[in-house]
Amino acid sequence: MSDHPIGRFRFMDTQNVNLDGFAVPDPTLGLVAFGSAGDPEPSLVVEDGRVIELDGRAEADFDVIDAFVAAHGLDLAAAPEAMAIDEVAFARMLVDPAVPRTEVVRLAGGMTPAKLARALAVLRPAELVMAMTKCRARRTPSNQAHVTNRSDDPLLLAADAATAAAFGFREIETTVPVLGDAPSNAVAVSIGAAVGSPGVLVQCSVEEALELELGMRGLVSYAETVSLYGTEQIFVDGDDTPWSKAFLTSAYASRGVKMRVTSGGGAEALMGGAQGCSMFYLEARCVALARAIGAQGVQNGGIDSAAVAGAVPGGVRSLMAENLMVMLRGLEACTGNDALMSESDVRRTSRTHPIFIAGSDFICSGFGSIQRYDNMFGPSQWNAEDLDDYLAMQRDWGVDGGLRTASEPEVARLRERAVDAVRAVYRLLGLADFDDIWAAQAVDAAGSKDVPAADLMTPLAASRLIRDLPITMLEVIDALAETGFEVEAERMLAMLRERVRGDYLQTAAIFDEQLRVLSAVTDPNDYAGPGTGYSPTPARQVEIDAIRQQRSVGDIQLEQERSRTEALQVSAPSAEAGHDPREVVIGLSPAAGRAIWRTLCGLTVVEALDELLAGLEEEGCTARVVRVNDSLDLGRIGLTAARLAGSGIGIGLQAKGTALIHRRDLAPLANLELYSVAPTLTRAAYRRLGINAGRHAKGATPEPERNPYSDEAIEARYHTTVVSLVAIERGCVVPGAPVETMTLQREA
Amino acid sequence: MDPVGETGEVSRVRARSGTPVDQITLDGVLAGEVSLDDIRIHPDTLLAQAEVATRAGNAQLGENFRRAAELTALTDERVLAIYEALRPHRSSAADLDLIAAELDDLGATRNASLVREAARVYAARGLLR
């Protein structure tokens, strides 16, 4: 690299994407997405129903992962057929809508990790999208939120959990910057979630044993932080074995608590223990193990190591292929898009988008529903900063990404109720007293920086009491009901009843708002090509489409009415041609002074007009204002004005602000000067247009005014409004109607 | 395929305490009549869920639920302690044998064989204490 790069490269170097790290592939370090030379050839040898060789390794040499997968993970009945199948042939089955999901899942059950890894490496990105559409377990897609903050503020956690539920998240994951705060966080988020919606699952991600304890006490309704790794060394470094994890998995189920495991490509490379294998092969071992230990689902797709995968060629594709592998093992797929993997908005969107359009059980295994700085997992791939982007993307593609729009008044009401509920429960249980200032700040806050009143010792003290007394969810429910929050108490009790039923232990289970279980059992994915599979109900489509920012012509009309003024009036029902050679006529469009009062740049029509008149005055010209009623075409309006003017020079001004200078002898679509980009205009610009029109009237050739240019997406911002304003203009056109003479009450 | 809790005979599902699930009400909570055992899953329910999982094509999930059914008989403390004992380098072969015997005594035979299998592999892979 040159010490003195040229300007073009200096400029490119400053772009955000160049903050990301990109690695030269290095198989010895595990820095390779697919197909390292260190990956074994797929193999499976079975003798008397016992696996004696797995992916090139003899039974005597099995490490703990091989041993567990060999003993529990493979469908040996399907294995002979599955291991013999050509990998490209299997890849084609994945994208062939005529081959049902159940058939490819059956075959995958008989495939070793190396075999399945090799088959999925064949798929191109668009094929991954097709395969994921068919292979995810649950028909209805969903999404998971992170709700955390820097101070473990229980009031803010509750308000933000209610907000996340209002936006449609069906699982909420919290965690702690201070381990001792975990019980308080679990209680506050559970209460907040219950305020926001019935049936939202809540977890608190902490160390394995403490997390299990929280689950046993009923303080959380699912668990996810049960990590698997693809090599024995890293697995043991993580202080577990496949047998301890299998036992843990059963321990959760024994208490009626839903649980999934966590893995992700790049984790072993990040910890320096990839043993020369590719990320994808090691992840294939994790996913096979997840199935073997009896977990119902897997959170993967990089997770904390997503940026490691993102640093190598094909790495982002491998993250999605990992998710697909989970689906093929018949498990719930919580598909990453979790830890932020790039500083570039373009790259992170690109990483998520194929999964977003394919749909998964949980598109994000942790959408940061709070601001980046409040995310105690670290910033997510998607954050509160991006909520409206995500909702707009759902609307753009007509895709159900699991979220819905929420109105400001509704979210304000829910946040207040969540804060009140936590205050009431903590007070009644003797956990903490919160003052009014803290509560008001938490309701209004966009993040913990807006809650300076929060006291850091409060959650710690409350947590100690919850653990020591101990307080279970039954006491929390009792306190809610006693303090007037019966609805929320019922919702939380309903979640405890669901633990007794156990239906939500099945693969990919979530609850809808009627507390129906949607899982691989009750809501199996039945995609079989176009016209089949999940499609949003009409009501759900409305939730996707009706984002709060959308405006109708009627909305624009109402907005315009708020700027109505009496300053612009008709003074005569007609207008005669003038004879003063210094007279310039300003022609207004039909809606000016009738239905449109404010231009796109924010100035009122009267203000724009006032500047035009002032500019003409500066040049010593006289001016007349008329309204052209039979056309909304600005060229026609300007030409009509010019033909009425004694000087032969006219100004056309559309009510939305577009303006031009015209001359009586020009063709209608010609003009002398045009301000075409109305949103960028200013008082000064209209003044100069007036001045130039005056100079034209006097026979001079003024320097034409330039449209101001900017790098903003002017069209994205205004085109929808323009369509409405033009529709309003058209509604004011009366064919054959005469030109009217107008008077303007000038500004003081 | 019907989920266990939604078969139209909801009252058939009972908590570990024996209380039918639809009798776990807010009034009961307020009257102090709902115990932690009333919000614990019954082993029979887990066995029924195991059937559902197996029929749905996931025998390993079914097996997990069967192990879980056995673990309902253990206290939280004991479950946490056995989990801890199964972590690497925590237990000797004899420790794991004792746990397996304890589990057998409780009728938790699937868990017992899981622990014995762990003991064998841990010995081979140097993961015993």
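Two strands are said to pair if DSSP finds at least two bridges between them, where strands (E, at least two residues) and helices (H or I, at least four) are DSSP runs numbered from the N terminus. This is a predicted model, in which local features need pLDDT of at least 70 and side-chain atom pairs count only at pLDDT 80 or more, while totals for chains, interfaces and linings use all residues. Residues are numbered from 1 along each chain as its sequence is written, and side-chain values use heavy atoms, with hydrogens and water left out.

In chain A, an open sheet of three strands has the order 1-2-3, with antiparallel pairing, and its edge strands are strand 1 and strand 3 (57-58), each of which pairs on one side only. Strand 1 (residues 44-47) of chain A is joined to strand 2 (residues 50-54) by four bridges, and A:Val45 has A:Glu53 as its bridge partner. These two strands form a hairpin with two residues between them, and A:Asp48 in the turn has a positive phi of about 55°. Strand 2 and strand 3 of chain A pair over two bridges, with A:Leu54 standing opposite A:Arg57.

Turning to the interface, 59 residues of chain B are in contact with 65 residues of chain A, contact meaning heavy atoms within 4.5 Å. Across the interface of chain B and chain A there are five salt bridges (a side-chain nitrogen of Lys or Arg within 4 Å of a carboxyl oxygen of Asp or Glu), and the side chains of A:Glu207 and B:Arg87 meet in a salt bridge with an N to O distance of 3.1 Å.

Technical notes: Chains are lettered from A and ligands numbered from 1 in the order in which they are written.
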